[in-house]
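Hi there,

Here is the structure I promised to pass on to you. Have a look at it first, and then read my notes below.

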Amino acid sequence: MSEPETSGRSAVVAGVGASRGLGAAIARRFAREDFRVTLMGRSAEKLGATLAELRASGAKAEVVIGDVGDEALVRRVVARSDAADAPLEAAIFNAGGNWPKPFLEMNAAFLEDMWRVNALAGFHFARAALEAMLPRQRGVLLFTGASASLRGRAKFGGFAQAKAALRAIAQSAAREFGPQGIHVAHVVVDGAIDGDRINTFLPSLKEQRGADGLLDPDAIAENFWNLYRQPRSAWTHELDVRPWVENW
């Protein structure tokens, strides 16, 4: 992507928690390029610590505590990120929820809740970002996907239907808005991330997988940055990342 006419650029990342997580890693990567970054998440404690680290590094950053499923809030956050001196150049939807449940124990309410968190929230975020970017006909809209975006594991039917829906939204948006200058891409994170969640709830997994057996969040974030920088004559719509030691 060519440089904008103005020197300032901003990015908004929805779905940020602990510093050792993908959302924070994406924010750090864009902040390194002098983007003003806005982080949105639900945990005031985690976001506060992440914000302190970003600002200590010299980053221009702010946080918004709230639910990405709140359409009105998301629209306000995106609109505020799109400033005259730093227009919105990158919008990243990294939010989602993953709760396993046996197939016969799922009901309509559970399926709808999963869809709202993963897919409907992604749609609201995308719509707000696209409306901000379209007048300039430039910008990148990125979605974080998962293995479940492509296939459903046993007991993960609720998560799979929701992530597959988000992927379909991204595909449709890419085809509609690509010709209008907006690069829409979907990143399938096909493996466990070496972040706060895994190290808290499955600390033995890293030792089991061995060196680089888990996905480094900063390495994933580098791929998000590369998507932003792609020339429009060869845009990637979907990218999947996985550990190099994966067993096929």
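Predicted model: local features only at pLDDT ≥ 70, side-chain atom pairs only at ≥ 80, totals over all residues.

On a 1 Å grid over the protein atoms alone, a pocket is an open set of points where a 1.4 Å probe fits, with protein on both sides within 12 Å along at least five of seven lines.

Residues are numbered from 1 along each chain as its sequence is written, and side-chain values use heavy atoms, leaving out hydrogens and water.

Back to the pocket. Its lining has 12 residues, and Q137, R138, G181, R232 and W235 lie nearest the centre; a lining residue has an atom within 4 Å of a point. By class, the lining holds four nonpolar, six polar and two charged residues. Here Ala, Val, Leu, Ile, Met, Phe, Trp, Tyr, Cys and Pro are nonpolar, Asp, Glu, Lys and Arg are charged, and the others, Gly among them, are polar.

Next, the helices (DSSP runs of H or I, at least four residues, numbered from the N terminus). Helix α1 (residues 22–31) packs against helix α8 (residues 217–229) at about 50 degrees, with the axes 8 Å apart. Axes are lines fitted to C-alpha atoms over the stretch in contact, and angles run from 0 to 180 degrees between N-to-C directions. The pair α1 and α8 is therefore oblique, the class left over once under 35 degrees counts as roughly parallel, over 145 as roughly antiparallel and 65 to 115 as roughly perpendicular. The contact (heavy atoms within 4.5 Å) includes L22, I26 and F30 of α1 and I220, F224 and W225 of α8. It has 10 nonpolar, no polar and four charged residues.

What about α3 and α4, and at what angle do they cross? The axes of α3 (residues 71–81) and α4 (residues 108–133) come within 9 Å and cross at roughly 30 degrees, so these two are roughly parallel. Their contact includes V74 and V78 of α3 and F125 and A129 of α4.

Finally, most residues other than glycine have a negative phi. D34, not a glycine, has a positive phi of about 70 degrees and lies in the loop between α1 and β2 (36–41); strands are DSSP runs of E, at least two residues.

Enjoy exploring!
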